[in-house]
Amino acid sequence: FILFGGIGFVFCVFLSLLAAARLDLALRTKTNGSYIMLGLVAAFACFVHILAPFLIICSGLAVLLSRVQQLTRRDIVMLPLAGAICVLPNLIWIVPFLRFQEWRGSSDDAFQTPVSVMYECYKSEIPLMVITVLFVLAIIGMLLERRTITAMTHVLGFGALFAVAFFGSQIGLGDMQPGRFVIPLMVFSGLAIADQFRPEHLRNPLAVALLAVLLVPLRYSELMEFPVGFRDPDVERLLTLIRENVPPTGRLHVQDSSGHPYFHTHFPAYIPRATGRALLAGPYGNPIEKLDFSQFVETRIFDRELKDFSSEELSQQLGLYNVSHILVYHDHTKRNLRKLACFDRAFSVGKYDVFKYLSAPLSFCQEGQADVEADMDRITVRNARPGTLVLKFHYLKTLKAIPESVQVSPIAIGGDAMPFIKVEHGNIADCEIV
């Protein structure tokens, strides 16, 4: 599970199922403490991983629907309170995420994954097939024992997770990666199966054979070697060199891919936090729709193959985005950059090279002159010359200027789907955009 879904997602799966269990307990006991604990567990799950809301909805809705006839007025009052306990501490990431949504483009392709993917997955994953068969047998056992509510809860949860895992698509929320939902599907099924097993069953030769079938496909050697956190000493060395070489007035562009080529982690997303230096485009190789143009994925940059750019063409694009350095991992890309006169290799750490763009303008102003600094939630403009500024940052509809007399508006430049920021500040030399 960790190799396929990532540590955070797997931890989030168990937390989300714990939240569903707390919901079931709250609906049965009706106590204040059970509802408060439900909210706290759900809040922690949502803080651990952005996909926790989907997991909690799938499993929690199954519990809620199976016990809908037992709902009281007290439940109707306490459930929103538990929801508020969950949401309030997570506003720290929910609010920026909602502001960021306009970059994602359309998300109405919620069910576009081919059905053939489901068949291929079941043919290639023996444990999944075995667990599904056992799940069906477990549900039959529950029904024979007249435990209708328990059976209904498991069937509804399985159905919701199954639909997301095999028919969902990349709909935008945290790069959903629906295939990862096979993990909670198997864990959730395992709960139903465990409910039907008794200690005496383990003496059955069939049970021993079943355990062998489930355990054989596991790759223990890979699991034991899986890096938990940034253990590689090259991580700190690379961060230190980026901090020392990339100027605050420049940007680092990162070559990435969907295979997590940097220490098997989302390392590029950590760079701004650890170094205080800005990145261009998304933090990893499944770019948000409207950021495709500025992303550097494998051998494509600015919506073209890197090898097809002349030195002058690439210089024009890099200057537009204030790129001063490029971090690359692919040997072919390294050879292509060495051929371009506008680049010089600044330093290497392990298999990673950072190239310096020799003609970097080192100014965040495309038009006009000002001292510009950017933080996580604001752009600060100082000592602006009278007139109009065009800043090398993407525009958001929710942006506003301080003071209010300064006007910000979108301006399209080049082939980028996202407009840049136009600032009409008159004679005001200092302002902030938030």
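View 1. Leucine 362 is partly exposed, with a relative accessible area of 38%. Everything shown here and in the other views comes from a predicted model. You will find leucine 362 in the loop between E8 and strand E9 (365-367). Look at the backbone here: phi of leucine 362 is positive, about 55°, although the residue is not a glycine.

**View 2. Phenylalanine 302, with a positive phi and a buried place.** Phenylalanine 302 sits in the loop between strand E4 (300-301) and strand E5 (304-305). Its phi is near 55°, a positive value in a residue other than glycine. Is phenylalanine 302 buried or exposed? Phenylalanine 302 is buried, and its relative accessible area is 2%.

View 3. Glutamine 317 belongs to helix H15.

**View 4. The whole chain, for orientation.** The protein chain has 16 helices and 16 strands. Of its 434 residues, 44% count as buried. The chain exposes about 22,300 Å², and carbon and sulfur atoms supply 61% of that area. Take the contacts between residues at least 6 apart in sequence: 70% of them join residues at least 24 apart.

**View 5. An open sheet of five strands.** Follow the strands across this sheet in the order E2-E1-E6-E8-E7; the pairing is mixed. Strand E2 (278-279) and strand E7 (343-349) stand at the edges with a single partner strand each, so one side of each has no neighbour in the sheet. Further in, strand E1 (residues 251-254) and strand E6 (residues 323-328) run parallel and pair over four bridges. Helix H15 (residues 311-320) lies across E6, E7 and strand E8 (352-357), and runs at about 90° to E8.

**View 6. Helix H13 and its buried side.** Helix H13 (residues 234-245) has twelve residues and spans 16 Å from its first C-alpha to its last, close to the 16 Å expected at 1.5 Å a residue. Which residues of H13 are buried? Among them are Val235, Leu238 and Leu239, together with Leu241 and Ile242. These residues cover an arc of only 165° around the axis, which puts them on the same side of H13. In an α-helix there are 3.6 residues a turn, so residues three or four places apart point the same way. The buried residues of H13 pack against E1, helix H14 (267-275), E6, E7 and E8.

**View 7. Aspartate 256 and histidine 330.** Aspartate 256 lies in the loop between E1 and H14. With a relative accessibility of 4%, aspartate 256 counts as buried. How many residues apart in sequence are aspartate 256 and histidine 330? They are 74 residues apart in sequence, while their C-alpha atoms are 9.1 Å apart in space.

**View 8. A hairpin of E10 and E11.** Strand E10 (residues 371-374) and strand E11 (residues 379-382) run antiparallel and are joined by four bridges. The two strands form a hairpin, with four residues between them. To place yourself, find aspartate 371, which stands opposite arginine 382 in E11.

**View 9. An open sheet of four strands.** The order here is E9-E12-E15-E14, with antiparallel pairing. E9 and E14 are the edge strands, each pairing on one side only. From one strand to the next, the twist averages 35°. E14 and strand E15 (residues 420-426) pair in the antiparallel sense over five bridges, and proline 410 has isoleucine 421 in E15 as its bridge partner.

View 10. Isoleucine 402 and proline 403 are joined by a cis peptide bond, with omega about 5°. Proline 403 is in the loop between strand E13 (401-402) and strand E14 (407-411).

Technical notes: Residues numbered from 1 in each chain as written. Predicted model: local features only at pLDDT ≥ 70, side-chain atom pairs only at ≥ 80, totals over all residues. Heavy atoms only, no water. Buried < 20%, exposed > 50% of the residue type's maximum accessible area, 1.4 Å probe, protein only. Contact = heavy atoms within 4.5 Å. Areas by Shrake-Rupley, 256 points an atom, 1.4 Å probe, with all protein chains shown as cover. Pairing = 2+ DSSP bridges. Axes fitted to C-alpha atoms, helices over the stretch in contact; angles between N-to-C directions. Expected span 1.5 Å × (residues − 1). Arc of directions from axis to C-beta.
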